[in-house]
Amino acid sequence: MNKKQHTLFVCTTCASVWQNGKRVDESGGRQLLQQLQALAQTWELQHKFSIQGVECMSACNHACAFAEGVGAAIAFTGEEKLTYLFGNLAVDDSPSAILQCATQYYVNPDGLLPWSERPERLKTGILAKIPPLNKWAKLTVDCC
């Protein structure tokens with residue numbers, strides 16, 4: 001049984017409409033977060049995989065490519081696992097694919113999400129695959 005922390009981050013700034021420096025209405029990212037949270041109520045990992053909104057994940061050039069400009073960026077992260085950042089995700093037809101991919105991420109010991117095994121909606125839009133900190137980071141005092 002996997003007891004390590006897993007989190008799905010959703011950028012709540014993505015697909016925002018701005019007027020005079022202020023956000024107008026609800027962002028596409030906020031809508032995606034709400035849809036994911038609602039769908040997760042019946043998800044088998046609802047108590048094992050946290051879903052959290054975050055302000056701006058700096059994927060702005062990749063946030064709004066589908067669904068008439070309403071899209072979002074998400075990230076999967078877990079202890080001792082790869083971290084994945086996806087952009088260009090449509091709000092309307094991505095939530096179930098995101099949770100399906102999150103399940104694949106959860107059950108894979110290192111978090112690897114091979115392209116061929118990802119849901120169709122997450123085969124494109126990958127912005128980064130970051131190695132786990134514990135695997136590569138070695139503190140060296142004389143590094144600088």
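1. Helices here are DSSP runs of H or I with at least four residues, and strands are E runs of at least two, numbered from the N terminus.

2. A word on the source. This is a predicted model, where local features need pLDDT of at least 70 and side-chain atom pairs need 80 or more, while totals for chains, interfaces and linings use all residues. Residues are numbered from 1 along each chain, and side-chain values use heavy atoms, without hydrogens or water.

3. Now lysine 81. Its place is the loop between strand 5 (71-78) and strand 6 (83-90). The side chain of lysine 81 makes a polar contact of 2.9 Å with the side chain of histidine 6 (a pair of N or O atoms within 3.5 Å, one able to donate a hydrogen and the other to accept it; residues adjacent in sequence count only if both atoms are side-chain atoms). The lysine 81 side chain also reaches the backbone oxygen of tyrosine 106, at 2.8 Å.

4. Which aromatic residues form a cluster through ring pairs? They are Trp43, Phe49, Phe76, Tyr84, Phe86, Tyr105 and Tyr106. Rings of Phe, Tyr and Trp (its six-membered ring) pair if their centres lie within 6.5 Å; planes under 30 degrees apart are stacked, over 60 edge-to-face, the rest tilted.

5. The whole structure holds eight aromatic pairs. Phenylalanine 49 and tyrosine 105 are edge-to-face, at 6.3 Å and 65°. Both phenylalanine 49 and tyrosine 105 are buried.

Methods: Buried means under 20% relative accessible area, exposed over 50%, partly exposed in between (1.4 Å probe, protein chains only).
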